[in-house]
Amino acid sequence: MTTQHTRWSQFGVLITVFFFWGFVAASNDILIPVFKHAFNLSQAQSQLVSVAFYVAYTVGSLIYVAVSKTLGVDLLNRIGYKNGICLGLVISAIGTLLFYPAANAGSFNLMLSGLFVVGLGFSLQQIAANPLAIVMGDPRTGSQRLTMAGGINNFGTTIGPLLVSIAIFGSVAAGGTEASIESVKTPYLILGAAFLLVAVFLKFSSVPNHIDLEGVTESEAQDSDKLIHKPSALAYPQLVLGMIAIFVYVGVEVSTISNLPAYLEESHGVPASSIAPYVSLYWASLMIGRWTGAAGAFDVGAGAKRMLTLILPYLAFGVFLAVNSIARHDVSQFYGYAFVIVLMIAATFASRGNPARMLLYFAICGIVALLIGMHTSGKTAAVAFISVGLFCSTMWPCIFALAITGLGRNTNQGSSLLIMMIMGGGIVSWIQGAVADSHGIQFSFIVGVVCFAYLAFYAWKSSRLLRAQGIDLDKLAKSNGH
């Protein structure tokens, strides 16, 4: 098998869109309190910000499938991957432009419409960009490239809220000051302009517009005679089970952070004004884990990869400390978190580059972290819940890679179906909230335990399904030098 090196110039351009996804998603948390005050909303009504944004992914994926079926050919195969991302960026830019008339009219519904359109654009970008990231080089390092892209995504989640807060409130330290709805216009108009600039830059870049998905599938298999070729992506069991996995993964990731502030306030008396650094560390934990998993994507020797696996997570932790220091938060209380990162690094080494094994080990760690948080108190419980971010960090690329491996010409359809399941972020969060109302906030994290349990099952099952199709994940990992 000929070794393909990662095309870094193309990949570097592609991951800019991953940054924007994280930037906007995390910045929505800044909009919620602003909208709540400006429009006199209840807490439930203010959460419509998240609902509008995440539901858009599902609607966008359904539109993609419907259009492809109407055309009789996959949409991205018709218009091209690069063109698809550019179109998605333009759609998102239109969504940001809606913030201007919405602010002038004082319309909450129009604001939600703007966020919904931004999410629609993001759904098309994700359907195209995720498979591109996997095939931009050796397919054997596809999940590591997707992990690296996810790390850039979480760099966006780390600095997005900070920059948007500065734009809206004038200074990070003034986070508790009043903000008019007019102040929301400028940052989102700037964001829309950035979307358009990136679309133009991407259009004239060397990022490929068409990719050979059948060739990728052949290169994944050790025994091509066992490959299965089906007319629909839904005929592949690794994808169907993977759709459920994406649903519960996004669910546990979002529901844990959504319920963490209530837990900190109720159980530890942490006031709302002091919760920000805890929430920031959770998002940064995803960045820490993804930077760690990304080490395998570099075209360097095994020794250098091991060194990067040790260095990159603490570099990401340093970004968290720096950003929060700029935000004038006391970061000294989080220095001990460096020892928790050691456990995540150990699990990464133990996985030896196999996405199924990494998913299994991280799911087990997630279960342990939640159980510790549920049965302890004080700082131990808080750190345990926050560390869920570490163990969720590489799950998206692992699940995505496992689910679309072997799909061939059905890869795009499979990708759109996986993106559709992002709606789990809203539904699982609602379920945990209902459990919290009836059984208490600390016990409610049992919902996350159930989610991680399914992910451990999927890790075990998917590797066996792929082996039956002639694809041995361990051999792929070994051939890549892990």
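Three cavities of 30 Å³ or more are present in the structure, where a cavity is a set of points, on a 1 Å grid over the protein atoms alone, at which a 1.4 Å probe fits but from which it cannot get out. The largest cavity holds about 380 Å³ of space, a volume being the space filled by probe spheres set on the points, with grid points joined across faces, edges and corners. Among the 24 residues that line this largest cavity, Gln126, Asn153, Glu253, Arg290 and Trp396 are the closest to its centre, and a lining residue is one that has an atom within 4 Å of a point. The model is a predicted one, in which local features need pLDDT of at least 70 and side-chain atom pairs count only at pLDDT 80 or more, whereas totals for chains, interfaces and linings use all residues. Residues are numbered from 1 along each chain as its sequence is written, and side-chain values use heavy atoms, with hydrogens and water left out.

The protein has 22 helices and zero strands, both taken as DSSP runs numbered from the N terminus (helices are H or I of at least four residues, strands are E of at least two). At least two residues of the lining of the largest cavity come from each of α1 (8-38), α3 (48-71), α7 (108-135), α8 (142-169), α11 (237-268), α12 (276-293) and α18 (395-404), and the largest share, five residues, is supplied by α8. By class, this lining consists of 15 nonpolar, seven polar and two charged residues, where Ala, Val, Leu, Ile, Met, Phe, Trp, Tyr, Cys and Pro count as nonpolar, Asp, Glu, Lys and Arg as charged, and the others, Gly among them, as polar.

Of the 482 residues in the protein, 60% are buried, a term that means under 20% relative accessible area, with exposed meaning over 50% and partly exposed the range in between (1.4 Å probe, protein chains only). In α18, ten of the ten residues are buried, including Trp396, Pro397 and Phe400, and this helix is followed by Gly406, whose phi is positive, near 85 degrees. Helix α19 (residues 411-420) is largely enclosed by the rest of the structure, because nine of its ten residues are buried; among them are Asn412, Leu417 and Met420.

Leu234, in the loop between α10 (213-220) and α11, is partly exposed, with a relative accessible area of 47%. Although Leu234 and Gln413 are 179 residues apart in sequence, their C-alpha atoms lie 8.8 Å apart in space. When neighbours within four places in sequence are left aside, Leu234 is in contact (heavy atoms within 4.5 Å) with Leu239, Val240, Met243 and Leu417. Across the protein, 82% of the contacts between residues at least 6 apart in sequence join residues at least 24 apart.

The largest nonpolar core has 157 residues, of which Phe35, Phe452 and Leu455 touch the most other members; such a core is a set of buried Ala, Val, Leu, Ile, Met, Phe, Trp, Tyr and Cys residues joined through side-chain atoms within 4.5 Å. Residues up to four places away in sequence not being counted, Phe452 touches Val252, Ala363, Gly366, Ile367, Leu370, Val388, Cys392 and Met395. Cys392 is itself buried, with a relative accessible area of 0%, and its sulfur is 9.1 Å from the closest cysteine sulfur, in Cys451, which is too far for a bond. The count of disulfides (pairs of cysteine sulfur atoms within 2.5 Å) comes to zero.

Notes: On a 1 Å grid over the protein atoms alone, a cavity is a set of points where a 1.4 Å probe fits but cannot get out, and a pocket is an open set with protein on both sides within 12 Å along at least five of seven lines; lining residues have an atom within 4 Å of a point.
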